[in-house]
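Have the coordinates open as you read.

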Amino acid sequence: SIHAQTMDEMWDSSVSGKANPNLKWFKEAKFGMFIHWGLYAKLAGEWKGKRYYGSGEWIMSQARIPVAEYKEVAKTFNPIKFNADEWAQLAKDAGIKYMVITAKHHEGFSMFDTKVSDFDIVDATPYKKDPMKALAEATRKRGIQFGFYYSQFQDWYEPNGGKNSWDFDETKKDYQKYYREKAIPQLKELLGNYGPLGIVWFDTPGGMTKEQTLNFVNDLRVLQPKSLFSSRVGHGLGDYRDFGDSEVPDTPIKGAWESIYTHNDSWGYIKHDMNFKTPAEIIRLLANVASKGGNLMLNVGPDGEGNIPEYSVKFLKETGKWLDKNGESIYGSTYGLIPAQPWGVSTSKPGKQYLHVMRRPLDGKLLIPDFKGKVAKVYNLVSQQQLSWKNTGKDIWIDLPVFEADAANTVVVVEYSGKIDDYDLKVPI
Ligand code: FHN
């Protein structure tokens, strides 16, 4: 089918049942950084003095900018402030375990050195360097898995690129020609020229049957046998499931999956919106996603000069400080066996439930309803202060002292023996 697939069509748990052995690092990582960076970052949500609402990387579409005009933006795109080591160090300081950056978004501009098109950062801009090479090295040096985002179908620069074009007649497009001449050769460049990639993150699939997609996916896997392909490669051929933008499931799910969120309200940089998620919001979001068994990949949108916005730097460093002390309750954890409570959520490791207490009950009495395990001890993860609890034979009540004014949540560890009922899980794998 050549229509763009729905999220569910992109994921087929029967396929995911043959879990990729390389998923181990992914399932333990829990926290990734998404980076949306392209010519749109220079426009920053404005075109010819007019502000456009919505996500910054869609400005070419929002303002219906003709290709002939949009390509001129490249002539003044010169991100001299870009520093790969600074970006990789920020990820490290934030407790980030993997990074995925846009190699080519829907605008069709390649942020990497490509022989396939001259609409790229080396040939079309005064910058003339390949930032992806430097970033791949800087992340790898710090033990951070590195990967590319690639818009494999939607390409507004190409006469045969898929979807949402206003410059080209959609009915006259030859999608196969676009894939043959641009998408597949560029994917081979990305998977062949930047060393081992942890992830290849596809976006908005379409224009190819399952058979055709399987053929190019098999070719790509030869180049990167250990890389994980996101579910937006389409036709259920991904290694792990991506939910919709800013979506987190409401019950725990087994298997490998990821929630993706913007840091403010836009994937690409926009100069107007300063609504950045605070450290407390990031930590609570991360705890909530981890409590359902998934990873959070949080986006940053660098500007046209190559700076990551100051609030992203500041808030991500704060998040990293919390993870320095509380990371045991997130990294390597899986979904919590205590359903979400008014006070917060839980994550699990064998014999331990980590309670992420986001709202301390006014009377200081924390209820774990219907807990079937045999509690051995309860303590504050950071201070290791032992906490008293009472077992009513059905529920556990924990006496919670007033904790230091913690920005986000305080983690209480419940060590127990015995089996707690597993969830009635939505996805068996
Ligand atoms: O259209 C894109 C959008 O610009 C952004 O890249 C998001 C990130 O998941 N993906 C598509 C919309 O889902």
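Strands β5 (145–151) and β6 (199–203) run parallel and are joined by five bridges. Strands here count as paired if DSSP finds at least two bridges between them, and helices (H or I, at least four residues) and strands (E, at least two) are DSSP runs numbered from the N terminus.

This is a predicted model, where local features need pLDDT of at least 70 and side-chain atom pairs pLDDT 80 or more, while totals for chains, interfaces and linings use all residues. Residues are numbered from 1 along each chain, and side-chain values use heavy atoms, leaving out hydrogens and water.

Zooming out, the open sheet has eight strands, ordered β7-β6-β5-β4-β1-β10-β9-β8, with parallel pairing. Its edges are β7 (228–229) and β8 (241–245), each pairing on one side only.

| Helix | Strands touched | Angle |
|---|---|---|
| α7 | β1 (31–35), β4 | about 140 degrees with β4 |
| α12 (310–326) | β1, β10 (295–300) | about 170 degrees with β1 |

What about α8 (131–141)? Its buried residues (under 20% relative accessible area, 1.4 Å probe, protein chains only) are Pro131, Met132, Leu135, Ala136, Ala138 and Thr139. They pack against α7, β4 and β5. Just past α8, Gly143 has a positive phi of about 70 degrees.

Notes
Buried < 20%, exposed > 50% of the residue type's maximum accessible area, 1.4 Å probe, protein only. Contact = heavy atoms within 4.5 Å. Axes fitted to C-alpha atoms, helices over the stretch in contact; angles between N-to-C directions.
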